[in-house]
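Visitor: I am new to this structure. Could you walk me through a few of its residues?

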Amino acid sequence: MSGIPGLRAWWWERPPAAGTAVMATAVVSIGLHLAGAETVSLIFLALACVGWLALGADFAVRLARQRERWLTEARTPGALTAVAATAMLGTRFALLGVPVLAEALLALAALCWPVLLYVVVRHWGHRMPGAVFLCCVATQALAVLAATLAGTEAVAWLAHTALVLFGVGLLLYGLALPRFDPRELTRGPGDHWIAGGALSVSALAGARLISADSARLYLWNVDDSGVLRDVTVALLVLDLAWYAVLLVAELARPRPRYGLGRWATVFSMGMTGATTLAVAAAVGIGWLRVPGRVLVWVSFAVWLAAAAGAVLAARSGARGQNGGPEESGVTSTARR
C-alpha cells in the first residue's frame, strides 16, 4: 500500500486537459460501434465511464478545496475537454439506446459550455497550440449529441438547437485558426492534431443533423438539406486533408515520447474514422465505409499505444518521478 499516496499525489496533479483521455476513449467507442465491433465498443464505453467519473470527482474536490487553482485552470483551453468528454459520452449512450442518461449528460455539458467557453476565449493569446481548437470541439460535441438525440427521440427543437451550435462551432474554428501556431505541426506534442479533429467533429455534427430528419419529423427542405450535405462533405474532405498533413509531419519529425497531448491525437484520429463512417451512412457514399473502418482500427491501435504510455507514466509518477514526459502535451502548451 506504500504506493497509494504517491499515486494519489500523481493523480492530484493531473490538469483539466486530462479529459482528452475520456474524449478519446468515448470517440473510439463510437467508432467501433459504427464499424460493427459492438463488444469492444462496450468495453471502451465502460473505460470512458470510469475515466469520466474519476475526473468528475477530481473536478468537484478541486472546486471545494482549491478554488483559486480551479479558477486558474478554468481559463486554459483544456478546461473545455470537460464539455467535450461529457457530450461524447452522452452520444455513445444515445446510440446505445439509453436516452435518459444521454439527456442528463447533454444538460450537464450545456450548463458548463457557455461559462467555460467565455472564460477560455477571453484569455486567448497569439501563437497558440492545437488546444485553441477545443472551443470548436466542445461546441460541435454538443451539436453531435443534440442532433443524435433529435434523431432517436424525434424532437425538432433539439435538431434546430444542434444546427445553431453547428454554425457557432464553425465560426469558432474560423476565429481559432489565425491564432494557431503552424510551427506546432513539426514540434507539437500531440494536441496539434485537434486542428484536424475539430473539423472532423464538425463533419460528424453535420452528418448527425442530416440523419436526424425522418418521415415523422420534417426538419429541412430540399435546398437546406442540399447545403447541409455539401458543407458536411466539404468538412470531411478538409479533415482528411489535415489528417494527411499531420501524419506526414509526424513521419518527418517523429515525437515518440508519451505526453498527455497524445490523447488529443487519439481523439482526432478516432473522430476521423467515426465521422467517415457516419458521413458515408448519412449521404449515401458507400465506398467510404472501407476507409472509415480502417481509420477506426488505426485509432484503436493508437489508443492502445497511448494507454501503455499512460500506465508507464503513472507508475513513474507514483514513485515520485513527476515532471517527465507526462508534462508535455495539452497541459504545458495550453499555459503559453
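Guide: Gladly. The model is predicted. Start with Ala-154, placed in the loop between α7 and α8 (156–176).

Visitor: What is the phi of Ala-154, which is not a glycine?

Guide: Ala-154 sits in the loop between α7 and α8. Ala-154 is partly exposed, at 27% relative accessible area. Although not a glycine, Ala-154 has a positive phi of about 55 degrees.

Visitor: Is Arg-127 buried or exposed?

Guide: Arg-127 is found in the loop between α6 (99–122) and α7 (134–153). Arg-127 is not a glycine, yet has a positive phi of about 50 degrees. The cut-off for exposed is over 50% relative accessible area. Arg-127 has 53% relative accessibility, so Arg-127 counts as exposed.

Visitor: Which residues join Arg-127 in one salt-bridge network?

Guide: Take two of the pairs. Asp-181 and Arg-183 meet in a salt bridge of 2.9 Å, N to O, and Glu-184 and Arg-187 meet in one of 3.2 Å, N to O. Salt bridges that share partners join Arg-127 into one network with Asp-181, Arg-183, Glu-184 and Arg-187.

Visitor: How many salt bridges does the structure hold?

Guide: The pair of Arg-262 and Glu-250 is one example. Asp-181 and Arg-183 form another. The number of salt bridges in the structure is 7.

Visitor: Which side chain does Arg-92 meet in a polar contact of 2.9 Å?

Guide: Arg-92 lies in helix α5 (residues 81–96). Arg-92 is buried, with 0% relative accessible area. Beyond its neighbours within four places in sequence, its contacts include His-33, Glu-38 and Ser-41. The polar contact of 2.9 Å joins the side chain of Arg-92 to that of Ser-41.

Visitor: Is Ser-29 buried or exposed?

Guide: Ser-29 is found in helix α2 (residues 19–34). Leaving aside neighbours within four places in sequence, Ser-29 is in contact with Ser-41, Phe-44, Leu-45 and Arg-92. The cut-off for buried is under 20% relative accessible area. Ser-29 has 0% relative accessibility, so Ser-29 counts as buried.

Visitor: How many residues are in the largest nonpolar core?

Guide: Phe-133 is among the residues with the most contacts inside this core, as are Trp-242 and Trp-263. Leaving aside neighbours within four places in sequence, Phe-133 is in contact with residues including Tyr-173, Phe-180 and Ile-194. The largest nonpolar core has 111 residues. Its largest share comes from α7, with 14 residues. The size of the core, then, is 111 residues.

Visitor: What is the area of the nonpolar surface patch made by Val-290, Val-294 and Val-298?

Guide: Val-298 is placed in helix α13 (residues 289–318). Val-298 is partly exposed, at 31% relative accessible area. With Val-290 and Val-294, Val-298 makes a nonpolar surface patch of about 230 Å².

Conventions
Residues numbered from 1 in each chain as written. Predicted model: local features only at pLDDT ≥ 70, side-chain atom pairs only at ≥ 80, totals over all residues. Heavy atoms only, no water. Helix = DSSP H or I, 4+ residues; strand = E, 2+ residues; numbered from the N terminus. Buried < 20%, exposed > 50% of the residue type's maximum accessible area, 1.4 Å probe, protein only. Contact = heavy atoms within 4.5 Å. Polar contact = N/O pair within 3.5 Å; in protein donor to acceptor, adjacent residues only side chain to side chain. Core = buried A, V, L, I, M, F, W, Y, C linked by side-chain atoms within 4.5 Å. Patch = residues over 30% accessible without salt bridge, like charges linked within 9 Å, V, L, I, M, F, W, Y side chains within 5 Å. Areas by Shrake-Rupley, 256 points an atom, 1.4 Å probe, with all protein chains shown as cover. Salt bridge = Lys/Arg side-chain N within 4 Å of Asp/Glu carboxyl O.
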